[in-house]
Amino acid sequence: MSHYQSNLRDIEFNLFEVLRRQDLLGQPPYPELDEETVRGILTELERLATGPLAESFADADRHPPVFDPATHSVRIPESLRKSYRAFMDAEWYRLSLPAELGGTGAPRSLNWAMAELILGSNPAVWMYASGHTMARVLWDLGTEEQKRFAEQAVEREWGSTMVLTEPDAGSDVGAGRTRAIEQPDGTWHIEGVKRFITSAEHDLAENIFHLVLARPEGAGPGTKGLSMFLVPKFRVNADGTLGERNGVYITNVEHKMGLKASTTCEVTFGTERPAVGTLVGDVHDGIRQMFKVIEDARMMVGTKAIATLSTGYLNALDFARNRLQGADLTRMTDKTAPRVTIIHHPDVRRMLMLQKAYAEGMRALVLYTATLQDTLQIAAAHGRADETTESAAALNDLLLPVVKGVGSERSYEMLTLSLQTLGGSGFLQDYPAEQYIRDAKIDSLYEGTTGIQGLDLFFRKIVRDNGKAFGTLIAMIREFAAADGGNGRLKAERVALAEAAGHVEATAAAMAGFLMASAGQPAEIYKAGLNTTRLLMALGDLVIGWLLLTHAEVALRRLDEIAPGHPDRDFYAGKLGAGRFFAATVLPRLAVERAIAEQTTLDLMDLPEPAF
């Protein structure tokens with residue numbers, strides 16, 4: 001059987017029952033899509049994900065790609081090659097591309113629903129197939145010649161990478177030393193070494209193109225001095241044929257604890273021969289251009305983490321429904337009591353419901369964020385910019401670190417409960433939980449660690465925005481909490497949500513106070529820094545609680561409408577149960593997080609290093 005257990009029912013619930021994506025379909029910019037078509041697409045994607053894509057998940061982990069340092073090449077295992085070809089041959093990646101690049105131009109919400117199915121099934125496939133994503137960026141930002149390159153990259157299924165990190169700089173991108181030297185013909189020679197570059201080498205495509213941050217000679221320090229360059233593995237002739245091998249080679253493939261099927265490479269530019277590149281868009285605006293890639297990558301990482309949690313939970317649920325062990329707690333002392341499946345045990349139910357609530361709540365977070373991207377996509381198609389567009393852009397920016405940071409942290413945390421549900425069996429490779437955990441740990445580390453997401457949330461998305469988007473989000477949550485939904489059956493949960501919103505708002509206010517105080521006492525900024533991750537996680541739990549309760553409200557209405565015995569009653573009962581459980585057991589914790597933040601001292605920062 002496939003390791004991958006999808007939750008297409010919940011994806012469709014989000015898209016059509018909560019977010020009403022069908023209301024956008026059948027009209028520009030989506031005239032060729034309707035609800036029935038989208039449901040059919042998702043059904044086919046699920047079939048692909050649970051079948052051909054999932055088949056190589058374990059095998060490619062046990063038999064990962066092989067690096068040959070003599071030829072700077074990588075051989076991909078045959079099982080993964082078959083999965084990759086199944087995805088590429090189906091051409092579903094075209095859903096996210098504009099018509100100009102041979103795509104469907106589907107809503108971003110559909111793109112991320114598709115991404116969940118693929119990333120939950122076999123994340124390496126999605127990563128190796130990133131060429132279409134980078135081609136779209138190149139199409140948006142590039143020169144006319146680079147736009148033609150993007151068209152070729154899509155049609156010929158070239159691979160791609162985003163190239164930022166350097167061995168000595170790490171997450172401090174502005175400290176990068178890779179340099180770019182302008183040539184008389186208008187091209188640039190790139191020289192330097194980059195590290196942790198995903199999919200930088202493989203034998204799945206005839207060409208791989210790199211979007212590289214480098215510092216032109218004479219440019220200033222920091223991120224502002226960086227420019228973005230297009231550097232292909234093979235140069236492309238004017239007629240579109242592949243030309244000579246370019247001077248960009250991988251010089252190492254990392255040996256990792258997980259996600260082994262995906263190559264993570266050290267890439268060296270310009271040692272054996274010149275690494276020839278062209279300036280993207282013919283403008284020196286590298287960090288802003290690269291953020292177009294980074295934002296997509298952070299959304300992908302959050303989606304990957306959440307997709308892995310979802311299948312981890314569903315595998316744990318299946319085990320709990322079938323594993324006989326122990327008597328029911330009400331008959332614990334009765335030696336003659338029959339054995340029951342472990343889903344009857346209270347602590348197992350606690351673990352399962354916490355996994356369910358986070359898996360479904362964070363899926364809701366991804367797809368809600370994707371609807372903001374739908375709004376931006378529609379506005380761009382109509383050439384419209386107004387307050388609605390600005391608000392959607394600001395909310396999207398605010399939620400991206402939550403999707404990535406909270407999604408990765410909570411998913412990893414909950415996956416340990418998935419394994420725990422299986423008991424000793426979960427520690428074995430007979431079940432996929434141990435690989436899920438190994439594969440998912442990277443999600444809190446790459447594309448900006450959780451600490452960086454917290455810094456981004458507070459300093460860039462809240463403080464720099466003067467709290468506008470944050471205030472809008474809190475107001476939306478308070479408005480929901482103050483309503484009765486027409487049924488009055490979520491009163492306690494709405495009270496808990498309102499209180500939680502107050503605690504998160506107060507946490508942010510305390511941190512803003514520390515920041516203001518740092519103008520006269522610089523060390524006070526440490527107090528804000530000690531709480532940035534705390535705020536990130538608290539805001540994540542608040543938003544998840546809000547979304548789960550919006551789902552519970554929809555579920556209550558549907559339960560009133562459908563008859564007893566209807567096959568959907570259990571689904572909606574689960575929605576109601578998850579919302580209530582989260583409101584009762586998770587949201588109250590935010591009061592403690594607020595208290596900790598407000599009482600922050602500098603004791604930790606004053607502690608001498610040897611004391612650690």
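**View 1. S199 sits in the loop between β5 (188-198) and β6 (208-216).** Helices (H or I, at least four residues) and strands (E, at least two) are DSSP runs, numbered from the N terminus. The model is predicted: local features need pLDDT of at least 70 and side-chain atom pairs pLDDT 80 or more, while totals for chains, interfaces and linings use all residues. Residues are numbered from 1 along each chain as its sequence is written, and side-chain values use heavy atoms, without hydrogens and water. S199 is not a glycine, yet its phi is positive, about 65 degrees. With a relative accessible area of 1%, S199 is buried (buried, under 20% relative accessible area; exposed, over 50%; partly exposed, in between; 1.4 Å probe, protein chains only).

**View 2. H72 also has a positive phi without being a glycine.** The angle is about 55 degrees. H72 lies in the loop that joins β1 (66-68) to β2 (73-75). Its relative accessibility is 12%, so H72 counts as buried.

**View 3. A cis peptide bond runs from P28 to P29.** Omega is near 5 degrees. P29 belongs to the loop between α1 and α2 (35-53).

**View 4. F13 and F571 form an edge-to-face pair.** The structure holds 12 aromatic pairs. Rings of Phe, Tyr and Trp (its six-membered ring) pair if their centres lie within 6.5 Å; planes under 30 degrees apart are stacked, over 60 edge-to-face, the rest tilted. In the pair of F13 and F571, the ring centres are 5.4 Å apart and the planes meet at 70 degrees. The partners come from distant parts of the chain, 558 residues apart. F13 is in helix α1 (residues 8-18), F571 in helix α18 (residues 569-585). Both F13 and F571 are buried. Ring pairs bring Y572 into a cluster with F13 and F571.

**View 5. F458 and F459 make another edge-to-face pair.** Here the centres are 4.9 Å apart and the planes stand at 75 degrees. F458 counts as buried at 1% relative accessibility, whereas F459, at 25%, is partly exposed.

**View 6. The largest nonpolar core has 175 residues.** A core is a set of buried Ala, Val, Leu, Ile, Met, Phe, Trp, Tyr and Cys residues joined through side-chain atoms within 4.5 Å. L42, F87, I190 and L542 touch the most other members. Helix α10 (residues 346-381) gives the largest share, 16 residues. A second, separate core holds 11 residues, among them L490, A552, V554 and L559.

**View 7. F87 and its contacts.** Neighbours within four places in sequence are left aside. F87 is then in contact (heavy atoms within 4.5 Å) with L48, L53, W92, Y93, I118, V125, W126 and A129.

**View 8. H344 is found in the loop between α9 (286-322) and α10.** The residue is partly exposed, with a relative accessible area of 40%. Beyond four places in sequence, H344 is in contact with D328 and R349.

**View 9. I525, Y526 and M605 make a nonpolar surface patch.** Patch residues have over 30% relative accessible area and no salt bridge; like charges are joined within 9 Å, nonpolar side chains (Val, Leu, Ile, Met, Phe, Trp, Tyr) within 5 Å. A salt bridge is a side-chain nitrogen of Lys or Arg within 4 Å of a carboxyl oxygen of Asp or Glu. Areas come from the Shrake-Rupley method with a 1.4 Å probe; for residues, only the protein chains shown count as cover. I525 lies in helix α16 (residues 525-529). At 33% relative accessibility, I525 is partly exposed.
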